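Subject: Two-chain model, handover and findings

Hello,

Here is the structure I said I would pass on. My notes follow it, arranged by topic.

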Amino acid sequence: MSEEPLRPDPDALLAAARAADARAERGRLKIYFGASAGVGKTWAMLDDAQRLRAGNVDLVVGVAETHGRSETAALLQGLECLPPRTVTLHGRSLPEFDLDAALARRPALLLVDELAHSNAPGSRHPKRWQDIEELLDAGIDVWTTVNVQHIESLNDVVGGITGIRVRETVPDHVFDAASEVELVDLPTDDLLRRLSEGKIYLPEQAERAVRHFFRKGNLMALRELALRRTAERVEDDVRSYRLEHVAQDRRAVWQVSDALLACVGPDSGAERLVRAAARRAAQGGAPWHAVYVETPALQRLPEARRRAILATLRLAESLGAVTATLTAEDAADAVVAYAREHNLGTVVTGYALPGAATALWRRLRGHRSFGERVAVQAPEIEFMVIARQPGADTGPPVPDGAAAEDADRLARRARGYVWALASSAAVTVVATPLLRYFDLANIVMLFLLAVVAVAVRHGRRAALAAAVLNVLAFDFFFVSPRFTFSVSDAQYLLTFAVMMAVGLVIGQLTASLRYQARVAGYREQRARGLFEMARDLGRALTQEQVAEIGERAVARAFRCQTAMMLADSDGRLAAVSPDNDRFVPDAGLAQWAFDHAEAAGAGTGTLPGAPVLYLPLQAPMRTRGVIAVKPSGPRLLMIPEQRQLLDTYAALVAIAIERVHFVAVAQDTLLSIESERLRNSLLAALSHDLRTPLTALIGLSENLSAALARDGSPRGADATAIADQARRTAQLVNNLLDMARLQAGSVALRRDWQSLEELAGSAIRSLGPALDRHVVELRLPPDLPLIHGDAVLLERVLVNLLENAAKYTPEGSHLRVSAEREGERIAIEVSDDGPGLPPGDPERLFRTFTRGDAESSTPGVGLGLAICRAIVRAHGGEIEASSRPAPAHGAVFRWTLPHLDLPADAPASHAADCAP
Amino acid sequence: MNLPPQPVTRVLVVEDDAAIRRFVRQALEDAGYQVSEAEGLRRGLIEAASRKPDLLVLDLGLPDGDGIDFIRDLRGWSALPVIVLSARVGDDDKIAALDAGADDYLVKPFSVGELMARVRAALRRRTAGGNSVSVLEFGACSLDLAARRLLRAGEPVHLTPVEYRLLAALAAHPGQVLTQRQLLLAVWGPNSVEHAHYLRIYMGHLRRKLESDPARPQHLLTETGIGYRFVTVAES
């Protein structure tokens, strides 16, 4: 680390910003943390709650374990308690925390005691900490309690100290993510005294507890662990505070500590290894991975052991690791390649102390340990060895179903041995008549051929058996003296040895070749499955087709039953093929998976007991649906690769659904563009066809009226009236067409900078004689800013309002146009001192075909104000009408338009324009 | 009645609608002009070339071609005044026609009075175009283009260079509609043709210096959405 102040890592800042965002939405978790039972965590929590209650906080007690302690129970008084859900298990009914009731009640703060509690089977989540995660996600603050021995990464340590292991553990990330941790501490002697006074457990239990757990040495060690864990957290808090608050220039760059790679082996100590790696990673705040390398040798492990390994990987995953199983000939190669690929600086592995004989044998063979091989291949990688304590733990619980698969394997193996025996017999029978024509050396070849054949068909063990059987058969039936196992010529001993060795080597090679071929075949099958689905998805045109292709592809690749559910626009799921007779997915669980964008059901953290796995279809924009997978065997969901493969399928389907969705959106858009084009051309044609005859009508009647006037005919006035009516019709046509265009939303504003003075001036000029009998007054401040808008339309608003005012006020009334800037808006008023608005809601005036007075003979269809409103709204403004309050009279039409700043290069006044 | 000047003034009307053609012809003949007609652009071009009219009234919505191209072609060999008739709602075609070289426009439906006023103004320009006047009188003002000086009620008015250039650009085509683009190009140059706010601001300055009521100008008129027009004599 450099002493110089360095620029902060932008990624770290971004992460801090994101974390701050996430914290803002999520509820806050406060943990009352203690060294052991009885230190008073629940009491402290309830005590704080009582204090908050006084401050009127919406606070509910979800669960509080009083353990029959009266002083704790007394603290519950006056607090709202959530009634527990009753679960019946083995004929007994147990009270359980009711998550759904809590979510429905949605208090600001919920108290849920015993973070490490395991829920009764059949609950939504197996563990209470998962319930609490969901509560926090829902934005509810939670207070809870936990003891130090329940922290996952400290589980081993506590087990080592006290000799008692607890199965109820809480992942470290839950503890680390808590907003606040309050240590509830009680000196050991006080605790023991409280215990002896019967304040912790009921008296008859107390004595047994003291003997087992509450030994003074244990309690002191636990207290130290709790204090240290809290201190670590405080340190983290300080560091994250520094990251967030310390002035940037004074902060040195936080170097990312080396990420870890834990190599899970087949040995029983793997769980300890994983926990140790998790602890190390958590201390350094580094990411970590756990891998299991399946070599040909490990392929042959019994099913139960392989399942134990997968269970260990799942444990690692729950401790925050990225997990993978790798298939390779050599574990060291695979681990080095993986570490380099993922930039992991430290490899953690377990080490079992070998017995003396084994160690000697290894040394004699020149066998290099795994660690040595890694060190040779990748000197840059740090290597860390965790000692194993064989038998110290039993490994995580292994799911059932292993026995059946092991039986299957044994049957296969027995078949191999039968074949080995049969091949040996067959070769003997075939070779016996040939003995007369062929040399013994050639007969040996036949036996070797049989070994190869058996190795190809039945693997290594059968090949080994065949090699031994063939040597024996060759000796017994062919080498003189025949039909005895004794050998007259000692040189045949060499033949036997070579035959044996060649058989073994060939058998080994063939078997591993077969394994490789099988792996390659499997990989190819996977790739082909994905490829085929991707190809089919590319051709799909509807969401239903995509869903059907996805269903089929997943069912084929995983030999399972599937059902696809797609979300509608409201986020409700519906099965694509409701007449699906394969199985009926659980709608509630599927919806949960969809809403939380998280896998649920079999093999996940949510209702793992369900027989079906629900995977959300997450596309880049949003979750598109859920695929329900009902596996034929639990193994499918245990192997991380299979789950990842399934996720890949789900992602491909989701992206395809999204693609189809956006294609549909694009088509809709195209359609609406097309129909708008059609509408516009229709309006243009209509406008032309209506205006042309009106033009002729006006012109001809005016000519006629001029001619009649010249001739002194009394019919001149008639011709003038025709012209007037035609003009009025033209005005109506203009209004109707404008309204149609404005209502269709197809008006493209020709926005530009406009001066209101100019617009008002030309509006008055275009109204001409219509305003002759009124006094029009303009009150525009000289510093009124320019308006950004469509000149023709804005002038139209002024014309309509002034025309309206002139129409509905008596002669000689005053009309006024005034404007002023109001912050970010410009307000314009057209007012008069006439009789004011007709009674009733002024809003009604802006509706189409409404006039101030329904029976009035004043001409004009009431489109004017509707057009004004449409124009003003198109400009992002609003218009309203009101009457002047008494004693004043008159109507006020007030409209606002957004104020925009002029472009920077505006000629400020005369600044850029000096005198000549 | 305003008698047309001698000799006879010829007007060509290019319009596809027979009824409109009929009343326009009637009105023009009543005013003493000699009128020839064409139904379409092709015929109109032949008439324009052969009859040498003094004024062209052109409908923009003709079935056999684009009236704007027609104006552009015409301006290649003739400076005769063109008044366009437009039935379309938008301003784009009018602006395009004016930019292409048309002198004035009328939106259908229009009244005979309007048409005749525009015709008279265009012809007046044509007769005045020959002898270049150096002093323009309008309202209380007199603009001396040779001396680059403006007097209002006998008093010299101070104009900034930009204001003067804008006034001179307008005064060079009295009675004619000049589009925003034409004015911006003439006063500020080709880089500023999008800067309509220059025009609004300087037009405001000019009106305050020249007009008796800047909000109701008599000489510097606004053609909303299109441009400006400078008139020396206030219309009725």
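Helices here are DSSP runs of H or I with at least four residues, strands are runs of E with at least two, and both are numbered from the N terminus. In those terms, Pro109(B) sits in the loop that runs between strand E5 (104-107) and helix H5 (112-130) of chain B. The peptide bond between Lys108(B) and Pro109(B) is cis, with omega at about -5°. Please keep in mind throughout that this is a predicted model.

The two chains

Chain A has 916 residues, and 44% of them count as buried. Its secondary structure consists of 27 helices and 25 strands. Taking the contacts in chain A between residues at least 6 apart in sequence, 70% are between residues at least 24 apart.

Chain B has 236 residues, of which 57% are buried. Eight helices and twelve strands were assigned in chain B. Its accessible surface is about 10300 Å², and 50% of that belongs to carbon and sulfur atoms. For chain B, 58% of the contacts between residues at least 6 apart in sequence join residues at least 24 apart.

The interface

Five salt bridges were counted between chain A and chain B. One salt bridge pairs the side chains of Glu758(A) and Arg207(B), at 3.0 Å from N to O.

Local points in chain A

Positive phi values come up at several places. Arg106(A), which is not a glycine, has a positive phi near 50°. Arg106(A) belongs to the loop between helix H4 (99-105) and strand E6 (109-112) of chain A. Its relative accessible area is 47%, so Arg106(A) is classed as partly exposed.

Ala597(A) is another residue other than glycine with a positive phi, in this case about 50°. Ala597(A) lies in the loop between helix H21 (587-596) and strand E16 (600-601) of chain A. Ala597(A) counts as partly exposed because its relative accessibility is 29%.

Asn343(A), with a positive phi near 55°, follows H14(A). Within helix H14 (residues 331-341) of chain A, the buried residues include Ala332(A), Ala334(A), Val335(A), Val336(A), Tyr338(A) and Ala339(A).

Pro95(A) is part of strand E5 (residues 92-96) of chain A. Why is Pro95(A) classed as exposed? Its relative accessibility is 59%, and the class begins over 50%. Apart from neighbours within four places in sequence, Pro95(A) is in contact with Pro84(A) and Arg85(A). Pro84(A) is eleven residues from Pro95(A) in sequence, and their C-alpha atoms are 5.5 Å apart.

A further point in chain B

Is Asp93(B) buried or exposed? Asp93(B) has a relative accessibility of 7% and therefore counts as buried. Asp93(B) is placed in helix H4 (residues 92-100) of chain B. The side chain of Asp93(B) makes a polar contact of 3.1 Å with the side chain of Ser86(B).

Regards

Conventions: Residues numbered from 1 in each chain as written. Chains lettered and ligands numbered in written order. Predicted model: local features only at pLDDT ≥ 70, side-chain atom pairs only at ≥ 80, totals over all residues. Heavy atoms only, no water. Salt bridge = Lys/Arg side-chain N within 4 Å of Asp/Glu carboxyl O. Buried < 20%, exposed > 50% of the residue type's maximum accessible area, 1.4 Å probe, protein only. Contact = heavy atoms within 4.5 Å. Polar contact = N/O pair within 3.5 Å; in protein donor to acceptor, adjacent residues only side chain to side chain. Areas by Shrake-Rupley, 256 points an atom, 1.4 Å probe, with all protein chains shown as cover.
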